Amino acid sequence: MMTRAKLCLLLMLAPVAALRADSTQPAGDYDAVSVGPIKTSIYVGSVTLTTGVFRRDGDNFATTYEAKVWPWFFWGETGRITITLPAAELAKLARGERVEFTGEAFNQKNKPRHVTGRADRIDAASGKIKVRISVDGTELVFNGTYRFNNVVK
């Protein structure tokens, strides 16, 4: 039989446990990720990378992208980008651990781009991201933020 003190303690701690469970919800429960426009500097100019919402398909998150190069607008490109992040890595991210990822992109001319990066959790749904994209022998490094979007199928 439960004593009155134990019952009171249980009733007081139950809401705390529920809040804690929400704050540690695994990122693997999310099927979409938004990354805001991110910008990097290049010699006498800059590149702004804008992506659509990354949609999860197994271990991959994929979307379209647009890279605008200023002032050399004719160097801009569009294409598709895919980042590989297995469920085990998503679980590490949910625990607050840094994760590394790889991926690939193909521009509108189907030219491949090698993608690497890392993500650091800030809270249950968002964090910081660093993305490196190799373009014709040059590595572009973008720093920004991400946000998981809870999408119901």
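**Exercise 1. The largest pocket**

By class, how many nonpolar, polar and charged residues does the lining of the largest pocket have? Describe this pocket in the predicted model.

*Solution.* Step 1: the class count gives 15 nonpolar, 4 polar and 5 charged residues in the lining of the largest pocket.

Step 1: the lining comprises 24 residues, and those nearest the pocket centre are Val69, Trp75, Glu77, Arg113 and Val135. Two or more lining residues come from each of strands E3 (45–51), E5 (60–70), E6 (77–84), E7 (99–107), E9 (126–135) and E10 (138–149).

Step 2: the space in the largest pocket amounts to about 510 Å³.

**Exercise 2. The largest cavity**

State how many cavities of 30 Å³ or more the structure holds, then characterise the largest cavity by volume, lining and class.

*Solution.* Step 1: there are 2 cavities of 30 Å³ or more, and the largest has a volume of about 150 Å³.

Step 1: its lining consists of Val33, Val35, Phe54, Phe61, Ile83, Leu85, Leu93, Phe101, Ala119, Ile129, Tyr146 and Phe148. Strand E1 (32–35) and strand E10 each give two or more residues to this lining.

Step 2: the lining of the largest cavity has 12 nonpolar residues, with no polar and no charged ones.

**Exercise 3. The second largest cavity**

Which residues line the second largest cavity, and how do they divide by class?

*Solution.* Step 1: about 60 Å³ of space lies within the second largest cavity.

Step 1: Val35, Ile38, Leu49, Thr51, Phe54, Ile81, Ile83, Ile129 and Val131 form its lining. Strands E3, E6 and E9 each contribute two or more of the residues.

Step 2: by class, the lining of the second largest cavity holds 8 nonpolar residues, 1 polar residue and no charged residues.

Step 3: Val35, Phe54, Ile83 and Ile129 line both this cavity and the largest cavity.

How values were computed. Residues numbered from 1 in each chain as written. Predicted model: local features only at pLDDT ≥ 70, side-chain atom pairs only at ≥ 80, totals over all residues. Heavy atoms only, no water. 1 Å grid on protein atoms, 1.4 Å probe; cavity = no way out; pocket = protein on both sides within 12 Å on 5 of 7 lines; lining within 4 Å. Points joined across faces, edges and corners; volume = space filled by probe spheres on them. Helix = DSSP H or I, 4+ residues; strand = E, 2+ residues; numbered from the N terminus. Nonpolar A, V, L, I, M, F, W, Y, C, P; charged D, E, K, R; others polar.
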